[in-house]
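User: I have a chain open here and would like to go through it with you. Can we start with the overall picture and then get to single residues?

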Amino acid sequence: MAKKNKEKKFSKKLLHKYRLVVLNEDTFEERFAIKLTRLNVFVILSLGTILLIAGTIFLIAFTSLKEYIPGYSSTALKKQATVLNYKTDSLQQVINLNEQYYTSIKKVLTGDVSTVEFNRDSIIDASTIDPNDLDLVPTKEDSILRDLVDKEDKYNVFESNISSSNFVLFPPVNGTISEGYNLREKHFAVDVVVAKDTPVKATADGTVIFAEWTAETGYVVIIEHSYELISVYKHNASITKQQGDLVKSGEVIAMAGNTGELTTGPHLHFELWQKGYPVNPTQFIDFN
């Protein structure tokens, strides 16, 4: 009985009606009144709390206000970080290519080239093979490939369709060779004696990839030509071209001189490199 009485008293307290009145303080005029129970107040407060929590979660999850709350990352910063990551990766690839390019140019400047070892026995065995014993009849696949390549080259307008037999090297200077090409002593050039300020000319059409001063070889010009050919001109008194300039065969690129530590008189130190290997210039150019 006591338990039931307590439950009835509790329910009566929840449902007991109260009147909330708003009065004018001066005239005591009733301006606003509302009837309430404890249950109504509890329900209203509960619903208000739930709506407040739901609204806060919505604002944080689906609006940009969360960026101002410590601990949340910014969407714009994430996007910017992603873009910067792609740019960094692209720049790293460009840097790697430039490093390889500058390494090859450095080898040309310093004359650092590795020798290639051949298997003498394999060369001897290859020379003993009788060409008459070889089966030189083209297969069906080879004939199809040859026809395809012929059709592509027929309408090819690029430089690869030009025969290398028409590629002629122009003598950079004319004079007496004081020191010739010597592979054993790693002198990968010819030294041509000329008077000071003699015009030095490009040996072929190409692009200037290096035109600077070096302590050992003075003013140096390096030109990249077709067919992976590179020409080098050292010990110049001055240079008339800059890196990136396009030059024609026979065009003046420098004035001969006696600059740099590794020189004993006015001359041109001329080198030819193809596919990263030195070439004897006298085999292609007449300096007299």
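Analyst: What follows is a short walk through this predicted model.

User: What secondary structure does the chain have?

Analyst: There are five helices and twelve strands in the chain.

User: And how much of it counts as buried?

Analyst: Of the 288 residues, 23% count as buried. The accessible surface of the chain is about 21600 Å², and carbon and sulfur atoms hold 58% of that surface.

User: OK, salt bridges. How many?

Analyst: The count is three salt bridges. One of them joins the side chains of Asp-142 and Arg-146, with N to O at 2.7 Å.

User: Where do Asp-142 and Arg-146 lie?

Analyst: Both are in helix H5, which covers residues 140-154. They are four residues apart, about one turn of the helix.

User: Is Arg-146 buried or exposed?

Analyst: Arg-146 is exposed, because its relative accessible area is 52% and the cut-off for exposed is over 50%. Asp-142, at 25%, counts as partly exposed.

User: Next one. What does Lys-234 pair with?

Analyst: Lys-234 makes a salt bridge with Glu-271, and their closest N and O atoms are 3.2 Å apart. This pair links distant parts of the chain: Lys-234 belongs to strand E8 (residues 229-239) and Glu-271 to strand E11 (residues 267-274), 37 residues apart.

User: Buried or exposed, those two?

Analyst: Lys-234 counts as buried at 3% relative accessibility. Glu-271 is buried as well, with a relative accessible area of 4%. Both values fall under 20%, so both residues are classed as buried.

User: And which residue does Lys-241 bridge to?

Analyst: Lys-241 forms a salt bridge with Glu-251, with the closest N and O atoms 2.5 Å apart. This pair also links distant parts of the chain, ten residues apart. Lys-241 sits in the loop between E8 and strand E9 (246-247), and Glu-251 in the loop between E9 and strand E10 (252-256).

User: Why does Lys-241 count as buried while Glu-251 counts as partly exposed?

Analyst: Lys-241 has 17% relative accessibility and so counts as buried, since the cut-off is under 20%. Glu-251 is at 26%, which makes it partly exposed.

User: Going back to Glu-271, how far is Val-190 from it?

Analyst: Val-190 and Glu-271 are 6.7 Å apart in space, C-alpha to C-alpha. In sequence they are 81 residues apart.

User: Where is Val-190, and what does it touch?

Analyst: Val-190 is in strand E4 and counts as buried at 0% relative accessibility. Leaving aside neighbours within four places in sequence, its contacts include Ile-177, Tyr-181, Leu-268, Phe-270, Pro-281 and Phe-287.

User: Now the strands. What pairs with E10?

Analyst: Strand E5 (residues 199-201) pairs with E10 in the antiparallel sense over three bridges. In that pairing, Val-200 stands opposite Ala-254 in E10. E8 and E10 also pair in the antiparallel sense, over three bridges. The bridge partner of Ser-238 in E10 is Met-255.

User: What about Lys-275?

Analyst: Lys-275 is not a glycine either, and its phi is positive at about 55°. Lys-275 is in the loop between E11 and strand E12 (277-279). With 57% relative accessibility, Lys-275 counts as exposed.

User: Last thing, the surface. Which residues make the nonpolar patch?

Analyst: Leu-15, Leu-39, Phe-42, Val-43, Leu-47 and Ile-50 make a nonpolar surface patch of about 580 Å².

User: Which element gives the most to it?

Analyst: Helix H2 (residues 38-62) gives the most to the nonpolar patch, with five residues.

User: And how accessible is Leu-39?

Analyst: Leu-39, which is in helix H2, has 35% relative accessibility and counts as partly exposed. Patch residues need over 30% relative accessible area, so Leu-39 at 35% clears that cut-off.

Key
Residues are numbered from 1 along each chain as its sequence is written. This is a predicted model: local features need pLDDT of at least 70, side-chain atom pairs count only at pLDDT 80 or more; totals for chains, interfaces and linings use all residues. Side-chain values use heavy atoms; hydrogens and water are left out. A salt bridge is a side-chain nitrogen of Lys or Arg within 4 Å of a carboxyl oxygen of Asp or Glu. Helices (H or I, at least four residues) and strands (E, at least two) are DSSP runs, numbered from the N terminus. Buried means under 20% relative accessible area, exposed over 50%, partly exposed in between (1.4 Å probe, protein chains only). Patches are made of residues with over 30% relative accessible area and no salt bridge: like charges are joined within 9 Å, nonpolar side chains (Val, Leu, Ile, Met, Phe, Trp, Tyr) within 5 Å. Accessible areas come from the Shrake-Rupley method with a 1.4 Å probe; for residues, only the protein chains shown count as cover. Two strands pair if DSSP finds at least two bridges between them. Contact means heavy atoms within 4.5 Å.
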